2 protein chains.
Amino acid sequence: MQLSKIGEFGLINNIRSRCKSSSPDILTGIGDDAAAVKTVRGKGLFTSDIMIEGTHFDLSLITFYQLGWKFLAVNISDILAMGGRPDYFIAGLGIPAACSSGDIDELYTGILDMARTFNVKIIGGDTCLSGHGLILSGTLIGSGKKVITRFTARPGDAIFVTKTLGDSAMGLELLKKGGKKVRGFSGSTPRLELIKRHLMPEPAPIRDTSRITSMIDTSDGLLIDLGHICDESNIGALIYKDKIPVSESLAKEAKKTGEDPLEFALKGGEDYALLFTAPKNIRTRAFRIGEMIEDGRYIIDTAGRKTPFKAEGYEHFKQ
Amino acid sequence: MQLSKIGEFGLINNIRSRCKSSSPDILTGIGDDAAAVKTVRGKGLFTSDIMIEGTHFDLSLITFYQLGWKFLAVNISDILAMGGRPDYFIAGLGIPAACSSGDIDELYTGILDMARTFNVKIIGGDTCLSGHGLILSGTLIGSGKKVITRFTARPGDAIFVTKTLGDSAMGLELLKKGGKKVRGFSGSTPRLELIKRHLMPEPAPIRDTSRITSMIDTSDGLLIDLGHICDESNIGALIYKDKIPVSESLAKEAKKTGEDPLEFALKGGEDYALLFTAPKNIRTRAFRIGEMIEDGRYIIDTAGRKTPFKAEGYEHFKQ
């Protein structure tokens with residue numbers, strides 16, 4: 001159905017009925033001037049992400065379901081990167097006239113499926129007409145006992161990452177080459193696995209954060225994101241090329257095209273792994289890739305050669 | 001300076017240094033994955049608004065300063081409409097390549113001036129490139145002891161509004177007729193006063209909310225917004241034409257063009273007055289315009305004639 005038939009308030013009512021939650025901590029949800037929740041003494045976490053058609057996604061390559069999933073997943077990743085638990089989501093949508101109410105429904109199915117995984121409740125939002133393509137603007141509210149920032153890494157800490165890197169960037173490349181949406185991921189070929197990493201990232205929390213000294217999620221690429229920890233902590237870092245975790249799927253696909261998988265792993269964005277620092281003797285299943293040092297940023301290659309690295313990857317506005 | 005020179009992280013650093021706050025309740029502000037604040041036992045309020053160039057504003061008619069002011073003001077109005085106090089703001093910006101860093105600086109001056117009025121702290125945001133004009137997406141976090149919703153009005157309650165209505169809609173009309181930005185408001189002619197009501201709304205809280213039974217802010221127009229209270233509270237309303245507060249400025253400008261000022265007051269949006277219901281004998285300086293009834297929605301004209309009204313005004317998507 002066309003949105004012009006049901007109007008803004010009809011759309012909000014549809015969304016409200018789908019997001020209804022009988023949770024006793026929600027005092028008012030969607031449909032009032034603001035959402036109200038019960039707060040407890042502690043630490044509140046707030047993160048916000050905008051996704052703009054043309055800049056962040058291409059509707060000819062992603063389904064509304066996948067987009068809804070990813071929209072919430074990237075926000076959840078930010079809360080996990082602070083050591084927090086995601087609680088409430090506010091979804092703002094700028095919707096072009098060409099969208100149908102079925103498209104928005106599918107988008108919400110994706111949001112709600114991701115929400116269920118983390119027991120996140122949708123408590124509000126804003127919907128309006130966009131003359132400029134689809135705009136998603138989400139705010140996720142979380143909570144945490146210990147808040148883990150970027151500015152607290154110490155020289156001597158080891159550097160860990162929770163997932164293989166570069167998969168999402170290669171997935172995007174394969175998706176663009178295919179030139180069309182991928183709706184299902186059964187059969188799980190290396191190609192499909194990589195595309196899935198790009199379209200439907202699955203954030204995963206670290207259970208025991210007690211000894212972690214700093215953390216960030218890898219959204220812009222390892223070199224940039226590790227650079228943020230260095231900048232904010234005012235120290236340096238050293239990483240080992242042969243320790244950077246590269247998936248078999250990425251290695252296979254890169255071999256086909258003669259590309260270097262490490263280029264993807266070092267500079268590719270949107271993996272939404274957690275990159276953290278902690279004492280060397282911590283017990284973790286994460287990949288240990290290097291250590292924090294007093295000063296400078298270096299990669300050591302397999303021959304033991306040390307090369308400085310710059311924060312290369314994706315940055316908005318920069319030419 | 002062009003944004004391409006300073007890049008995303010340069011821009012974030014500029015914003016961070018301007019928004020720095022030494023408030024002890026802010027554990028981490030701009031520049032981490034999420035902002036963290038100390039929370040206390042009580043009620044947390046969350047509201048989100050998107051403003052899109054072309055849909056919500058026209059950069060040939062509003063300065064970046066005024067836009068920043070209004071961006072935060074409309075969010076503050078939502079928190080006040082819940083009986084809350086605004087605390088923290090997260091400003092998301094989708095910025096077209098044509099914007100300069102000076103434009104964004106001016107936008108932040110407007111945001112910060114409005115923030116100072118209410119002691120709101122800017123704790124985070126997201127900046128990214130937009131291929132589609134300027135996009136502002138704000139989330140405001142507030143707190144309150146008593147939360148006032150739309151669904152708690154009772155038959156017999158009187159209806160009040162805190163400001164004259166229709167000024168903003170007439171201001172927009174005058175602004176469009178002028179066809180250019182208005183930078184200063186000194187001299188305060190009726191025309192300038194109305195334009196200022198549109199460009200730089202000044203939300204104002206109600207100090208004593210103890211006896212208020214329901215509340216909303218007038219953003220879509222009186223008839224629509226009162227309609228929301230009726231819908232949510234599942235009762236009706238009766239308003240008196242001659243009680244609707246119309247400013248002298250609106251009356252003067254409407255007379256010039258032969259328009260009916262009441263049309264502006266009933267259907268014009270963006271006044272950001274507070275519309276509330278309360279027992280008839282409440283002490284307030286707000287204008288009393290009618291009362292809630294069991295069923296139906298009516299306007300009584302000066303001759304005592306009763307006409308049903310519909311929720312007319314501005315609604316996105318509807319044709």
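Here is a short tour of a predicted model with chains A and B.

**Start with chain A.** Select chain A and switch to a cartoon view. A compact globule of 319 residues would have a radius of gyration near 20 Å, and the 21 Å of chain A agrees with that. Colour chain A by burial next, and 52% of its 319 residues come up as buried. Contacts are worth a look too: of those in chain A with a separation of 6 or more, 85% join residues 24 or more positions apart.

**Bring in chain B.** How are the two chains related? Chain A superposes on chain B by a rotation of 180° with 0.0 Å of shift along its axis, at an RMSD of 0.0 Å. That is the relation of a two-fold axis. The same surface serves both copies, as 100% of the contact residues of chain A recur in chain B.

**Select the interface.** Here 64 residues of chain A are in contact with 64 residues of chain B. On the chain A side, the largest share comes from strand 3 (residues 42-52), with 10 residues. Colour that side by residue type to see 25 nonpolar, 26 polar and 13 charged residues.

**Zoom in on a strand pair.** Select residues 35-39 of chain A, which form strand 2, together with strand 3 (residues 42-52) of chain B: the two pair in the antiparallel sense over five bridges. To finish, centre on Ala36(A), and opposite Ala36(A) you will find Leu45(B) in strand 3 of chain B.

Notes:
Residues are numbered from 1 along each chain as its sequence is written. Chains are lettered from A and ligands numbered from 1 in the order in which they are written. This is a predicted model: local features need pLDDT of at least 70, side-chain atom pairs count only at pLDDT 80 or more; totals for chains, interfaces and linings use all residues. Two residues are in contact if their C-beta atoms, placed from the backbone, lie within 7 Å. Helices (H or I, at least four residues) and strands (E, at least two) are DSSP runs, numbered from the N terminus. Ala, Val, Leu, Ile, Met, Phe, Trp, Tyr, Cys and Pro count as nonpolar, Asp, Glu, Lys and Arg as charged, and the others, Gly among them, as polar. Two strands pair if DSSP finds at least two bridges between them. Copies are superposed by least squares on the C-alpha atoms of residues with pLDDT of at least 70 in both. The radius of gyration is taken over C-alpha atoms; the globule rule is 2.2 Å times the number of residues to the power 0.38. A residue is buried if 20 or more other C-beta atoms lie within 10 Å of its own, exposed if 12 or fewer, and partly exposed in between; C-beta atoms are placed from the backbone.
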